[in-house]
Amino acid sequence: MRTAISLTCLLLLGIAQAEEANPLIGSWVWNPVAGSCREVHTYHADGTAVVESGGEILHKTYAVAPASGGMLRVTATVVGTNDGLDCLGSKTAIGASSTVF
């Protein structure tokens, strides 16, 4: 029993450390059009994300990697969309990818 409890504690500690290593996890709000339209980017620990921009909802996969200068490189690929229009009046296609630092 003690071994099972110890193993559970180690697993939970490992999960907590893994989540701490990814500073993107959580929801981020951005107003790209002078505050008149709101985007919410929500990043999950499993490498998936949801972006809500205007009437568009995107489902993405993403990865975070170290980049030069202490920055992080975030690459994302759209895997699902509701075909709505984003804050800029555009649609994003499935398969579209992006990289930001």
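Residues 24 or more positions apart account for 29% of the contacts in the protein chain with a separation of 6 or more. Keep in mind that this is a predicted model.

**The overall plan**

The protein chain holds one helix and six strands. Read from the N terminus, its elements follow the order α-β-β-β-β-β-β. The six strands form an open sheet in the order 1-2-3-4-5-6, with antiparallel pairing. Strand 1 and strand 6 (97-100) are the edge strands, each pairing on one side only. From one strand to the next, the twist averages 25 degrees.

You can look at one pairing in detail. Strand 1 and strand 2 (residues 39-43) run antiparallel and are joined by five bridges. In one of these places, Trp 30 has Glu 39 in strand 2 as its bridge partner.

How much of the chain is buried? Of its 101 residues, 25% count as buried. The chain exposes about 6,800 Å², and carbon and sulfur atoms supply 61% of that area. The largest nonpolar core has six residues, namely Leu 24, Tyr 43, Ala 49, Tyr 62, Val 74 and Ala 76.

**A closer look at Asn 22**

Asn 22 sits in the loop between helix 1 (2-20) and strand 1 (26-30). Apart from neighbours within four places in sequence, Asn 22 is in contact with Tyr 62 and Val 64. The side chain of Asn 22 also reaches the backbone nitrogen of Leu 24 at 3.0 Å. Leu 24 and Tyr 62 are both among the residues of the largest nonpolar core.

**Thr 42, a residue in a strand**

Thr 42 has its place in strand 2. With a relative accessible area of 18%, Thr 42 is buried. When neighbours within four places in sequence are set aside, Thr 42 is in contact with Gly 26, Ser 27, Thr 48, Ala 49 and Val 50. Ala 49 is one of the residues in the largest nonpolar core.

| Side chain | Partner side chain | Distance |
|---|---|---|
| Asn 22 | Tyr 62 | 3.0 Å |
| Thr 42 | Ser 27 | 2.9 Å |

**Asp 83, a residue in another loop**

Finally, find Asp 83 in the loop between strand 5 (72-81) and strand 6. What is the phi angle of Asp 83? Phi of Asp 83 is near 65 degrees, a positive value in a residue other than glycine. Why does Asp 83 count as partly exposed? Its relative accessible area is 48%, and partly exposed covers the range between the buried cut-off of under 20% and the exposed cut-off of over 50%.

Methods: Residues are numbered from 1 along each chain as its sequence is written. This is a predicted model: local features need pLDDT of at least 70, side-chain atom pairs count only at pLDDT 80 or more; totals for chains, interfaces and linings use all residues. Side-chain values use heavy atoms; hydrogens and water are left out. Helices (H or I, at least four residues) and strands (E, at least two) are DSSP runs, numbered from the N terminus. Contact means heavy atoms within 4.5 Å. A polar contact is a pair of N or O atoms within 3.5 Å; within protein, one must be able to donate a hydrogen and the other to accept it, and residues adjacent in sequence count only if both atoms are side-chain atoms. Two strands pair if DSSP finds at least two bridges between them. Axes are lines fitted to C-alpha atoms, for helices over the stretch in contact, and angles run from 0 to 180 degrees between N-to-C directions. Buried means under 20% relative accessible area, exposed over 50%, partly exposed in between (1.4 Å probe, protein chains only). Accessible areas come from the Shrake-Rupley method with a 1.4 Å probe; for residues, only the protein chains shown count as cover. A nonpolar core is a set of buried Ala, Val, Leu, Ile, Met, Phe, Trp, Tyr and Cys residues joined through side-chain atoms within 4.5 Å.
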